[in-house]
Amino acid sequence: MKYILIGAGSRGTIYGSWAHAHHIEIAAIAELRRERLENAAKEWNVPRERCFTDTAELFALGKIADAAIIATMDRDHYGHVMAALDCGYDILLEKPISPSAKECLAIEKKANDLGRKITVCHVLRYTNFFGALKDIIDSGELGKVVAIKHSENIGNFHMAHSFVRGNWRNDTESSPIIMQKSCHDLDILLWLTGSHCTRVAAFGGLSYFREENAPAGSTARCLDCPVAENCRFDARKAYLPVLGQWPADVVCLDQTEGALMEALRTGPYGRCVYRCDNNVCDHMSVIMEFENGVTATFSLTAQTSACHRSIHIMCEDGEIEADDGRRQILVRQHIANQAESFTERVLNIRTNASGHGGGDAGIMEDFTASLSAHNPDSRSSISRSVESHLMACAIEQSVSAQQPPGSTQNGRPRV
């Protein structure tokens, strides 16, 4: 089996490395950044003549592999997917499908019209943790689901890295945070409820990562800031202790202290988090209604220390409380009175070493299997994945509609 890879950033590298480790040939790579292109080609033994900085040159070759992995930036997905479909490729597509609802629907329609498979990287569906939640609900032991409370705790350091300094800081260049980060969560809510969403309402904004909150005496860059020692967002504190790991490995390819310091001195990840061109929300609260009567709330916030998701599922005959940070699920039966003892059990969920709680490996296994006649469908096919994106668009519209008259989008002007 052979794949081509469009985009050799962090996500593309994860998928490409899995394929290479499982004896799937990477037949060609397209990557705008030459250093990352050369690094990926060396790792996966891709010949120089099959390495491109221009995707058009790769697509001009026609279909040279069994499938395409597309892991480029959000607003590039539409053009790359449409070109790959024209070449005849089945596709593994990094989320989001597109920031545009119209483009999402156009991609779905073209794929279905051509009979092509697109698997969207909603990797949480492939984790043991969320799979166990789905199994408990589907077993019927607690009766029907009535309501869900779900939270995504982004973590203040993750927010600073990805959504203030990083690639997804500004929705004019990428996507709104509810789309980019939390289409995962909206997809999981659709999967767990087994229903369609009918209504949403949302509130949110950019409250903290703004210039008026910068420490007195601070400057535009961390390495020359006189008050950096007392700032938890000092870039040296964020990246030097995790040299060789995420997120330091995103800052530069050469994971030495000297190279990292130079990247912080000159690149985007050394900027003051209070003085970036970010405009995406750093907190959001959403309420949802589903076709089957289930209601749900979703909270997204950067004002946390840990990066994890927690969920409370309330059913007719019991409830589930779960935390994917601890990999723990508590299942409790309802009681008749306050004096009665709870009947409950705790499940400790095992996971493998791959990212997203095993979801990264799980989706690669599912995608690869879906290319065969033995497993023609995917757990996160394009048609199963589009609805979460339409929900994200509606939520973002709701947030904008709730802004007071005369205010700016998400608490600050768009740039």
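At what angle do helix α9 and helix α14 pack, and how far apart are their axes? Helix α9 (residues 183-193) and helix α14 (residues 382-402) pack at an angle of about 120°, with their axes 9 Å apart. This is a predicted model, in which local features need pLDDT of at least 70 and side-chain atom pairs count only at pLDDT 80 or more, while totals for chains, interfaces and linings use all residues. Residues are numbered from 1 along each chain as its sequence is written, and side-chain values use heavy atoms, leaving out hydrogens and water.

**Overall picture**

- The chain has 14 helices and 14 strands; these are DSSP runs numbered from the N terminus, with helices being H or I of at least four residues and strands E of at least two.
- For 415 residues, a compact globule would have a radius of gyration near 22 Å, and the chain agrees with its 22 Å (taken over C-alpha atoms; the globule rule is 2.2 Å times the number of residues to the power 0.38).
- The C-alpha trace spans about 70 × 65 × 45 Å along the principal axes of the chain.

**The parallel sheet and its helices**

- Six strands form an open sheet in the order β3-β2-β1-β4-β5-β6, with parallel pairing (two strands pair if DSSP finds at least two bridges between them).
- The edge strands here are β3 (51-52) and β6 (118-120), each pairing on one side only.
- Strands β4 (residues 67-70) and β5 (residues 90-93) run parallel and are joined by 4 bridges, with isoleucine 70 opposite leucine 93 in β5.
- Helix α4 (residues 77-87) lies across β1 (2-6), β4, β5 and β6, and runs at about 160° to β5 (axes are lines fitted to C-alpha atoms, for helices over the stretch in contact, and angles run from 0 to 180 degrees between N-to-C directions).
- Helix α13 (residues 359-370) also packs on the sheet, where it touches β1, β4, β5 and β6 and makes about 170° with the direction of β5 (contact means heavy atoms within 4.5 Å).

**The mixed sheet**

- Eight strands make up another open sheet, ordered β8-β9-β10-β7-β11-β12-β13-β14, with mixed pairing.
- Because β8 (197-205) and β14 (343-348) each have a single partner strand, one side of each is left without a neighbour in the sheet.
- On average, neighbouring strands of this sheet are turned by 10° against each other, direction ignored.
- Strand β13 (residues 328-333) pairs with β14 in the antiparallel sense over 6 bridges, and valine 331 has arginine 345 in β14 as its bridge partner.
- Helix α14 lies across β8 and β9 (283-290), at about 45° to β8.

**Helix against helix**

- The angle between α9 and α14 makes them oblique to each other (under 35 degrees counts as roughly parallel, over 145 as roughly antiparallel, 65 to 115 as roughly perpendicular and the rest as oblique).
- On the α9 side, the contact with α14 is made by Cys183, Leu186, Asp187 and Leu190; the α14 residues include Arg384, Met391 and Ile395.
- By class, the contact of α9 with α14 has 6 nonpolar, 2 polar and 3 charged residues (Ala, Val, Leu, Ile, Met, Phe, Trp, Tyr, Cys and Pro count as nonpolar, Asp, Glu, Lys and Arg as charged, and the others, Gly among them, as polar).
- Helix α1 (residues 10-21) and α13 have axes that come within 10 Å and cross at roughly 60°, so α1 and α13 are oblique too.
- In α1, Arg11, Ile14, Tyr15, Trp18 and Ala19 meet residues of α13, among them Asp360, Ile363 and Met364.
- The contact of α1 with α13 has 7 nonpolar, 1 polar and 3 charged residues.
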